[in-house]
Amino acid sequence: MSKVYIDSECRCHTTNPDGTYTEIEVPKDFDGKCTAYIEGFRVRPDGYTYTRDDGTVFGPNGTSVTPWKPYDQLAASQAQYEADLAEAASAYQEGVDSV
Amino acid sequence: MGWGTGNIGGGTSLNFDVKSYATEEALLSATPKENTIGIITEHKITGWVFAATEPTEPVEGMVWISTGTSSAIEFNALKKNALQVYPISAKQYVGSAWMSVTAMNYHDAKWYDWVTYYYDNGDECESNGGLWTNSGYSRSGYSLLPPTKEDSYILVKGNGGSTANGFAGKEESVNLTDKDSITAVVVNVAGESGYMLVLSSQKFSSPTNAAAYVQLPGNTEEETIVLDISELSGSYYIAFMTGVSNKNGFKVLEVSA
């Protein structure tokens, strides 16, 4: 994952189609994570705040990384992504080995 | 559960009352009936409802007391028979939106917070996740130095080297399903960076398997950090960690949710 952007509520996006999001440094723990996983998180940089739907304000001190979609779903998406990668790698190797 | 009206006790069959107080000071100075739920709000309470999920037809002033399967202040809602209630948090419908309000229970002549403590100024709150330790945790390539336990705080401290993280984690995972936020009161001894509060579904081994984390502020003041955990369900391990090369560490005074 080369770039991650956040919107005004610190939700992550992997593209910036309207140029309105803020590019941020990709957290190391996003290495190897699929788009569905990443886009289910908020990354709140130090100095930023966001407001949850119930009115609770988080920040501004200290960078935080926390899901805004159910974490169980994000973990399941990542698990499926890794399974798909493993299957693709295995199929590729079989193809190589057959030559 | 049912829908009750106004700041009144629910009749002769109910074992509790719901009352509003304009300020925390007003609440704490009051001595109401046993099992009174005190709501701190400036808005008139027009009724209350106990429910695990958001009421579908709220009215202005309604207080929604969300309930779960465990609570820091469970009680029997009935005078006869038993209906055990596990209040988690309270919200009031104001201006067409739900707003969080502070709620406490009056029990044995004392007000009790609805918050669950995992560490409280020297009390390790062993019944909530066990003791604070480094045992059972790991991080590839790094040693995890155990916490130092003082009278009123836990000190999490590295050794200033390149491969030793200071570490303090709860022995057991805790159920955070009904919790919206986790709060910690900390003091960063020398204002160093790289300290963090981490929640992970397995005993911590790396930030890459963390479900959520927040870095501690880089100043030396006593700070309250709050991590949004509203989308976490199930059990998680709570832990604090220094980065490598940090040597002065930080104090943990309180952890609650």
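This is a predicted model: local features need pLDDT of at least 70, side-chain atom pairs count only at pLDDT 80 or more; totals for chains, interfaces and linings use all residues.
Residues are numbered from 1 along each chain as its sequence is written, and chains are lettered from A in the order in which they are written. Local features need pLDDT of at least 70, side-chain atom pairs count only at pLDDT 80 or more, totals for chains, interfaces and linings use all residues, and side-chain values use heavy atoms, leaving out hydrogens and water.

**View 1. The interface between chain A and chain B.** Here, 26 residues of chain A are in contact with 25 residues of chain B (contact means heavy atoms within 4.5 Å). Together the chains bury about 1,800 Å², with 45% of it on carbon and sulfur atoms; buried area is the accessible area (1.4 Å probe) that two parts lose on being put together, summed over both. On the side of chain A, Arg52(A), Asp54(A) and Tyr71(A) lose the most area to chain B, together 27% of what that side buries.

**View 2. A salt bridge between Arg52(A) and Asp228(B).** Look for the side chains of these two residues, which meet at 2.7 Å, N to O. The count between the two chains is one salt bridge (a side-chain nitrogen of Lys or Arg within 4 Å of a carboxyl oxygen of Asp or Glu).

**View 3. Strand S7(A) beside strand S20(B).** Two bridges join S7(A) to S20(B), residues 210-215, and the strands run antiparallel. Strands here are DSSP runs (E, at least two residues), numbered from the N terminus, and two strands pair if DSSP finds at least two bridges between them. Find Ser64(A), which stands opposite Val214(B) in S20(B).

Notes: Helices (H or I, at least four residues) and strands (E, at least two) are DSSP runs, numbered from the N terminus.
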